[in-house]
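The tour below moves from one selection to the next.

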Amino acid sequence: MRIRPPLSFASASNLGTTKGFKHSPLALLPPIPLYRRLLRTHRKHLPRDMRLLGDEYVKSEFRAHRNIENPVHIIGFLTEWQMYAQTLEGDAWIGERMDQGKIDKMSDQQLGQMYELMQAIRKKEIEDSE
């Protein structure tokens with residue numbers, strides 16, 4: 001991923017806000033520091049099984065987007081991951097529903113991945129309850 005200087009900053013006004021979480025103006029982190037922050041956040045704020053799943057997902061997503069050239073895609077990718085890290089650090093994510101606008105923008109492949117993740121979570125909950 002390459003970040004060009006004029007595109008490396010975002011503000012709360014163009015990021016949107018989530019329920020109960022007020023964004024302050026922030027500078028978009030470059031890919032490597034953001035990647036490290038995500039893994040560190042998983043280590044500090046997630047239980048072991050969720051952390052392992054989250055770490056693998058973060059690693060695969062960053063690998064898959066390594067050679068993206070489109071600045072709009074880069075900014076969107078980094079912005080969403082940075083908002084995810086902020087949400088995890090605030091512990092407001094537990095039990096929160098995904099924004100319908102984000103779901104509407106997902107491709108069929110992304111919806112399939114979300115469905116598989118939901119099935120894995122439900123399976124884990126059933127195993128834990130037994």
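Which side chain does a polar contact join to that of T41? Select T41 and E89: a polar contact of 3.1 Å joins their side chains. A polar contact here is a pair of N or O atoms within 3.5 Å; within protein, one must be able to donate a hydrogen and the other to accept it, and residues adjacent in sequence count only if both atoms are side-chain atoms.

Before continuing, note that this is a predicted model, in which local features need pLDDT of at least 70 and side-chain atom pairs count only at pLDDT 80 or more, while totals for chains, interfaces and linings use all residues. Residues are numbered from 1 along each chain as its sequence is written, and side-chain values use heavy atoms, with hydrogens and water left out.

With a relative accessible area of 3%, T41 is buried (buried means under 20% relative accessible area, exposed over 50%, partly exposed in between, with a 1.4 Å probe and protein chains only). Contact means heavy atoms within 4.5 Å.

**Helices α2 and α3**

Next, select residues 31-45 (α2) and residues 48-64 (α3). Helices are DSSP runs of H or I with at least four residues, strands are runs of E with at least two, and both are numbered from the N terminus. The two helices pack at an angle of about 170 degrees, with their axes 9 Å apart. That angle makes α2 roughly antiparallel to α3, the term for angles over 145 degrees. Axes are lines fitted to C-alpha atoms, for helices over the stretch in contact, and angles run from 0 to 180 degrees between N-to-C directions.

To display the contact, show P31, L34, Y35, L38, L39, H42 and R43 of α2 with R51, G54, D55, V58, K59 and F62 of α3. These residues divide into seven nonpolar, two polar and four charged.

**Strand β2**

Move to A27, in strand β2 (residues 26-27). A27 counts as partly exposed, at 40% relative accessibility.

**The whole chain**

Finally, select the protein chain, whose secondary structure comes to six helices and two strands. From the N terminus on, the elements run β-α-β-α-α-α-α-α. Of the 130 residues, 25% count as buried.

Definitions and conventions: Angles under 35 degrees count as roughly parallel, over 145 as roughly antiparallel, 65 to 115 as roughly perpendicular and the rest as oblique. Ala, Val, Leu, Ile, Met, Phe, Trp, Tyr, Cys and Pro count as nonpolar, Asp, Glu, Lys and Arg as charged, and the others, Gly among them, as polar.
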